[in-house]
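Visitor: Could you bring up the model and talk me through it?

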Amino acid sequence: MSARPWTRAGRRRSALALVAAALLVGGLVGRLGAGGAIARRGDPALVFAVLMVLVTVGLTLLGLLITLRGAFGWPLARFVLIPLGLGRPAAYLARHANQWQRDPEGGAALAEALALLRRPRHDPAAAERIAALVDSVATIGAAGITASALASASRGDRDGARELLLGALEIEGTKALPFPQRIARAWLIADAAERGRWRRVVELADARGPALPASARLLAGAAARFAGTHSPTDTGLWILWLLSPGHKDSRPLLERAIATPRVLHRRPDLEEAPARGGGVDELGPLPSEPLPRALALHAHWIARDPLHLRLVPSRLGDLCRAWDEVHRSGAARRQAEARAARLGILGQAEAIVERFHDEVAADLADLSLRSGVAIAGLVDPPGELSQRAIFRVRSQLLEGVEELAETMESRTVDKRALPAVEEWRAWSELRRRYERAGALGGLDLRRLMFPQVHRSACNFAVWLWNERKETGIAKPIFRWLLTEAEAVGDEAAIDLQRRNLGVKGG
Amino acid sequence: MAATPPPRFAHNPFFVLGAEPDRPRVELEREGQKLLGMLELGLRSAATYATPTGPEARTPEAVRAALAELRAPEKRLLHELWASFARAEADADASASAGADPFRSPAQPSAPKSDDDEGPGIAGAFALFGWRRP
């Protein structure tokens with residue numbers, strides 16, 4: 001079953017139907033009750049007067065109900081129906097609630113999504129209703145994006161949900177309602193807490209935005225303890241715990257937080273100063289010859305899991321330097337030539353060594369991409385194999401970004417529209433890939449990528465804004481483009497994006 | 001992010017056969033046939049082989065593939081370069097701390113904390129909000 005979009009015409013029709021129903025009820029009551037007795041006495045004026053009174057009472061009652069539904073519908077949905085997992089009635093009340101006047105469909109979708117998260121299992125029918133509601137929205141806002149994200153989370157797509165919720169926090173304009181952004185932030189905090197990303201919890205809690213639920217504040221307080229940042233006192237944690245619901249569930253968290261010593265000053269960022277060569281020391285004694293040494297390091301790091309937690313810059317730097325030394329000293333070449341002579345393929349030794357070096361560079365690039373550690377800047381000056389790895393990383397990153405930007409551009413040109421949430425997802429994917437590439441490739445790569453990304457994303461956002469009226473998601477795109485244009489120093493893009501934001505209400 | 005060791009270590013024919021890279025081809029063939037026989041008999045000592053990235057299961061197919069790879073001299077040379085660990089091991093054995101394995105750190109390296117590694121998370125974080133865990 002798909003949900004009906006609640007348009008203005010639909011509302012008018014419903015209101016007329018309700019008035020007609022009231023008249024009918026009033027009439028019936030009049031006919032069956034006192035009106036019937038009076039009518040039998042044969043006084044038409046009196047009959048009319050009584051009917052009018054009854055109709056007036058009916059209309060008043062109806063108006064009162066509508067007012068109550070508008071004023072108390074959302075609290076009823078939020079505090080009773082959603083906790084019970086009753087999505088449909090909660091969505092109905094949310095749609096007519098005063099709180100969601102600016103985004104009734106988004107509110108309904110969010111109510112249904114929150115109820116879905118309360119149910120013991122995922123309900124595909126409810127997820128379909130949410131999708132239909134979100135699709136019916138003329139201009140998507142934070143509520144619609146949050147509802148879609150929660151439906152994704154319910155389905156098990158946690159990464160997708162995280163990405164969309166981060167997007168919901170960026171929505172601007174009239175549809176940037178506080179409640180969905182509060183829910184988005186709370187979900188992201190729970191997600192980060194479950195993964196032990198305490199600093200991220202603190203960041204999310206400290207970010208500007210609507211007030212957080214009590215449970216999120218408790219998580220943030222505990223996270224501050226675990227992350228070694230400025231944190232509440234033990235009494236403060238007790239108060240946060242008392243204010244939050246579900247005391248039994250949150251008691252272990254409270255005890256763990258209290259057992260963690262409180263620090264008054266932030267710990268130094270441990271990522272800043274991993275001792276150079278520290279990784280090598282942990283490997284135990286390494287061979288002194290360049291090739292076996294590089295291979296020993298290579299084999300050690302290629303199999304680490306999870307790599308992104310272990311291969312810190314100094315360690316990747318050690319590995320790159322070890323391979324550069326192999327190339328510089330000609331160790332692999334000498335060994336290959338000696339063995340090639342014995343195998344009777346001396347003429348092919350050069351090509352085989354080149355292939356070996358290429359494979360090494362490919363592995364270094366792979367390690368860099370998997371660990372998120374940039375090679376550029378680690379080795380100064382970079383040797384031949386480091387250079388090759390840097391080139392490979394840049395090419396792969398550039399290709400990934402260009403591919404998405406081209407897809408976006410061709411869709412914009414062909415006007416192949418997707419549902420608004422999917423448009424946001426597409427943009428988020430491009431931006432995430434661009435930012436990751438920028439983090440690994442540095443400012444040079446950002447300058448290289450930006451013109452194409454700017455062209456594709458700007459046209460895309462203009463299309464969203466002008467033709468599809470999706471101002472809520474177009475504006476954050478303009479804002480991101482402006483920030484990035486300023487970072488890479490693209491004057492024309494800065495001008496254009498300032499005009500876009502200025503002219504269009506920025 | 002799962003570690004995906006490239007097959008050049010895990011499937012290196014020299015590691016599959018458990019042979020030194022500079023062994024003559026005849027010896028490698030003999031070693032391969034011996035392993036195939038052992039695998040046929042189901043001997044446990046032949047069921048796995050050590051590589052720098054950890055033990056791997058040895059199958060008759062892997063042994064035959066390794067032998068086939070080593071029959072082409074140019075492929076063999078490339079595999080030899082990747083399997084130059086024998087020398088590394090010898091160097092390590094000769095070093096003061098004998099017995100240390102250069103391929104394996106004595107313990108998992110204690111990586112500096114990153115944003116992703118700040119400690120064990122809270123299992124029921126979503127339950128605090130009354131939400132089902134994704």
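Visitor: Before that, what kind of model is it, and how are things labelled?

Guide: This is a predicted model, in which local features need pLDDT of at least 70 and side-chain atom pairs count only at pLDDT 80 or more, whereas totals for chains, interfaces and linings use all residues. Residues are numbered from 1 along each chain as its sequence is written, chains are lettered from A and ligands numbered from 1 in the order in which they are written, and side-chain values use heavy atoms, with hydrogens and water left out.

Visitor: OK, chain A: how many helices and strands are there?

Guide: Chain A has 23 helices and zero strands, where helices are DSSP runs of H or I with at least four residues, strands are runs of E with at least two, and both are numbered from the N terminus.

Visitor: And how much of chain A is buried?

Guide: Of its 506 residues, 52% are buried, a word that here means under 20% relative accessible area, with exposed meaning over 50% and partly exposed in between, for a 1.4 Å probe and protein chains only.

Visitor: What share of the chain A contacts joins residues 24 or more positions apart?

Guide: Among contacts in chain A with a separation of 6 or more, that share is 66%, contact meaning heavy atoms within 4.5 Å.

Visitor: Now chain B. What is its pattern along the sequence?

Guide: Chain B contains six helices and two strands, and along the sequence they run α-α-α-β-β-α-α-α. Buried residues make up 44% of its 134 residues, and its accessible surface is about 6600 Å², with 56% belonging to carbon and sulfur atoms. For contacts in chain B with a separation of 6 or more, residues 24 or more positions apart account for 60%.

Visitor: How do you define a pocket, as against a cavity?

Guide: On a 1 Å grid over the protein atoms alone, a cavity is a set of points where a 1.4 Å probe fits but cannot get out, while a pocket is an open set with protein on both sides within 12 Å along at least five of seven lines; lining residues have an atom within 4 Å of a point.

Visitor: How many cavities of 30 Å³ or more turn up, then?

Guide: The search of the whole structure finds one, and the largest cavity has a volume of about 50 Å³. Its lining consists of Ser368(A), Ile375(A), Ala376(A), Ile390(A), Val393(A), Arg394(A), Leu440(A) and Gly441(A). The largest share, three residues, comes from α20(A), while α20 (384–414) and α21 (420–466) of chain A each supply at least two.

Visitor: Which domains does that cavity lining draw on?

Guide: At least three residues come from each of domain 2 (276–381) and domain 3 (391–503) of chain A, with bounds taken from an automatic or database domain assignment.

Visitor: Staying with α21, is Ser456(A) buried or exposed?

Guide: Ser456(A), which sits in helix α21 of chain A, is buried, with a relative accessible area of 0%. Leaving aside neighbours within four places in sequence, Ser456(A) is in contact with Ala405(A), Met408(A) and Glu409(A).

Visitor: Which phi value does Lys415(A) have?

Guide: Lys415(A) has a positive phi of about 55° although it is not a glycine; this residue lies in the loop between α20 and α21 of chain A and is partly exposed, at 46% relative accessible area. Lys469(A) also has a positive phi of about 55° without being a glycine, and its place is the loop between α21 and α22 (471–488) of chain A.

Visitor: Last one, in chain B: what does Arg71(B) touch?

Guide: Not counting residues up to four places away in sequence, Arg71(B) touches Arg25(B) and Glu29(B).

Notes
Grid points are joined across faces, edges and corners, and a volume is the space filled by probe spheres set on the points. Accessible areas come from the Shrake-Rupley method with a 1.4 Å probe; for residues, only the protein chains shown count as cover.
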